[in-house]
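This briefing concerns a single protein chain. The points below are grouped by topic and are meant to be read alongside the sequence and the model.

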Amino acid sequence: MISSFIVSIGKPWRTLLVASVLCSGALVAAAADAPPIPRLVQQDGRYALFVDNAPYLMLAAQVNNSSGWPGVLSKVWPAMADLHANTVLIPVYWDQVERKEGEFDFSVVDALITGARSHQLHLVLLWFATWKNGNQHYMPAWMKQDPVRYPRLIDAHGETVDSPSPFGAATLAADMKAFAAFMGHLKAVDAQRTVLMVQVENESGTWECPRDYSPEAQKRFAEPVPTAVLKAMNKPAGGSWTELFGPEGEVFFHAWAVASFIGQVAAAGKAVYPLPLYANAAQRDIMKPSSPGNYGNGGPTDNVIPIWKAAAPALDMVCPDNYNTDTAAYIKALQVYRREDNALFIPETGGSPRFLFFALGTQAIGFSPFGMDYTKDYVVPEGVRPKDDLLHPWALTGTHKFLAPWIAGYRVINPMAREIARWNFEGKLQAVAEEPGQVTQTLSFGAWDVSVSYGVWARYARPAGNPQPIGSALVVQLGENQFLVTGFYSRIDFKPVEPGKHRQFLRVEEGAYENGEFKVVRELNGDQTDGGLDFIAEPLVLRVTISAY
Ligand code: DGJ
């Protein structure tokens, strides 16, 4: 059946005239006037994800592992609406896509895409394939039942481990073929660019041991360290993995093997449809590096980012799944992954909702708390569940309280997500959040210093900090003497850098961005500004014009 129809994927995206062909349940579309393929753009050391030719902030959320099925999507979309997310991260399961070897069924992918479009959402699809949390649980059953052709990894004692060998040639060939078919399908059905990026595998690596000890792996481990690794890690030629890297040599070898595998899968897909691709990493203890063997060895952890960059150039990013609850560790993970050669995207997170502000302040192109749907499959450990929910009591209207803590920040940022992405790309934005024991912070904006004081304020009281760290602030310099400010549980004020000068407010406008324009609701003065600009639990965005006297 052939039909023509108009597809609108909502503001600010354009309306497209799409000619479609429906065949065997699969939606195949070709756009007359397709938006460009989403792409990462780097400028002056800063990155943006360009969607429809402009920077786009993925104010995202990741669903639970088993929520990518048409039958439960009705429990996904309302959660995204309640959260004010603009992008959803949803898995695509290799075992479903290729139930029979060589036969691909993308009907579930089509349901994700059409569902997202009808809810004005973008998608990041997660290719759960050879690796998922270090295991191979998403391999098709015909592969799981043929361990000789599709081998598991062997540990140092000769035991089989529930993790795929990165040297399985047939596994690699099968994954490359399936991933290329998947990307080809996206290219065919998604001229509207509902899908922004694809994650290749999920938290790859191996928890149980540092590397593969199969005969093939042993042979490769004895070979000279590849030149690309030497270059990436700044090492001279002429030593074994262990001689050059000490005890970490085994993990570095595994990282090289896993990254080379995933890099080839990524390249096979990218050759078909060049969407931005990334791999995510289960973090090791970034403050106190663990010894080999007790983290996702071989995955793109902080210690092997250069190896991954060298081994998998088809990946645009390696990304931290940032479940740190310790503030310093959380910030460090952001800083380590934001590199000259790596845009920062946080595909999974938990902890405190104020961490969104740390991410924006580190120029993240996207941020995505995990487990955000209404299936009741909430599996994020208690330790990383946000505890600040009672501090946003007005938000506790949803069925599931775990969603609620994130709503306030998402509600503030969502209407101006495009502007935030652009301001960050242009280097005009700074965002911070409260750290334990920290009462004030100063941000520098040329002729103005901006002070952030944490705590709930009485009019002329001194800053005291909040009872627990929940404060945040985001400041954008719109012009020489004009700023946009927002935040929670903090007071923001301005001071001229020039000695002896003071600030005066010329205009403090409360409002919100609507389709790229700041719409003023009212002006604040008197009690609302005399002591500084106060942000409490309610979303509040102010455009502030000041001068010095
Ligand atoms: C990290 C994984 O990447 C997710 O798929 C999920 O398993 C979460 N852990 C659960 O906490």
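**Briefing on the predicted model**

Arg152 is partly exposed, with a relative accessible area of 26%; buried means under 20% relative accessible area, exposed over 50%, and partly exposed in between (1.4 Å probe, protein chains only). The model is predicted, so local features need pLDDT of at least 70 and side-chain atom pairs count only at pLDDT 80 or more, whereas totals for chains, interfaces and linings use all residues. Residues are numbered from 1 along each chain as its sequence is written, and side-chain values use heavy atoms, with hydrogens and water left out.

**Overall features**

- The chain contains 14 helices and 26 strands; helices (H or I, at least four residues) and strands (E, at least two) are DSSP runs, numbered from the N terminus.
- Of its 549 residues, 58% count as buried.
- Among contacts (heavy atoms within 4.5 Å) between residues at least 6 apart in sequence, 72% join residues at least 24 apart.

**Packing of α5 with α9**

- Helix α5 (residues 169-189) packs on helix α9 (residues 249-272) at an angle of about 30°, and their axes are 8 Å apart. Axes are lines fitted to C-alpha atoms, for helices over the stretch in contact, and angles run from 0 to 180 degrees between N-to-C directions.
- The two helices α5 and α9 are therefore roughly parallel to each other; angles under 35 degrees count as roughly parallel, over 145 as roughly antiparallel, 65 to 115 as roughly perpendicular and the rest as oblique.
- The contacting residues of α5 include Leu172, Met176, Phe179 and Met183, and those of α9 include Phe261, Val265 and Val272.
- The residues of this contact of α5 with α9 divide into 10 nonpolar, 4 polar and 2 charged. Here Ala, Val, Leu, Ile, Met, Phe, Trp, Tyr, Cys and Pro count as nonpolar, Asp, Glu, Lys and Arg as charged, and the others, Gly among them, as polar.

**Packing of α3 with α5**

- Helix α3 (residues 107-118) and α5 pack at an angle of about 40°, with axes 11 Å apart.
- That angle makes α3 oblique to α5.
- Val109, Asp110, Ile113 and Arg117 of α3 meet Phe182, His185, Leu186 and Val189 of α5.
- By class, the contact of α3 with α5 has 5 nonpolar, 1 polar and 2 charged residues.

**Helix α14**

- Helix α14 (residues 417-425) is largely enclosed by the rest of the structure, because 8 of its 9 residues are buried.
- The buried residues in α14 include Arg418, Glu419 and Trp423.

- Arg152 is placed in strand β10 (residues 152-154).
- Leaving out residues up to four places away in sequence, Arg152 touches Gln136, Thr160, Val161, Asp162, Ser163, Pro164 and Ser165.
- The C-alpha atoms of Arg152 and Thr171 are 10.0 Å apart, and the two residues are 19 apart in sequence; Thr171 is among the α5 residues that meet α9.
- Val497 lies in the loop between β22 (490-496) and β23 (503-514), and counts as partly exposed at 45% relative accessibility.
- Beyond its neighbours within four places in sequence, Val497 is in contact with Gly446, Ala447, Trp448 and Asp449.
- Val497 and Ala548 are 51 residues apart along the chain, with 9.7 Å between their C-alpha atoms.
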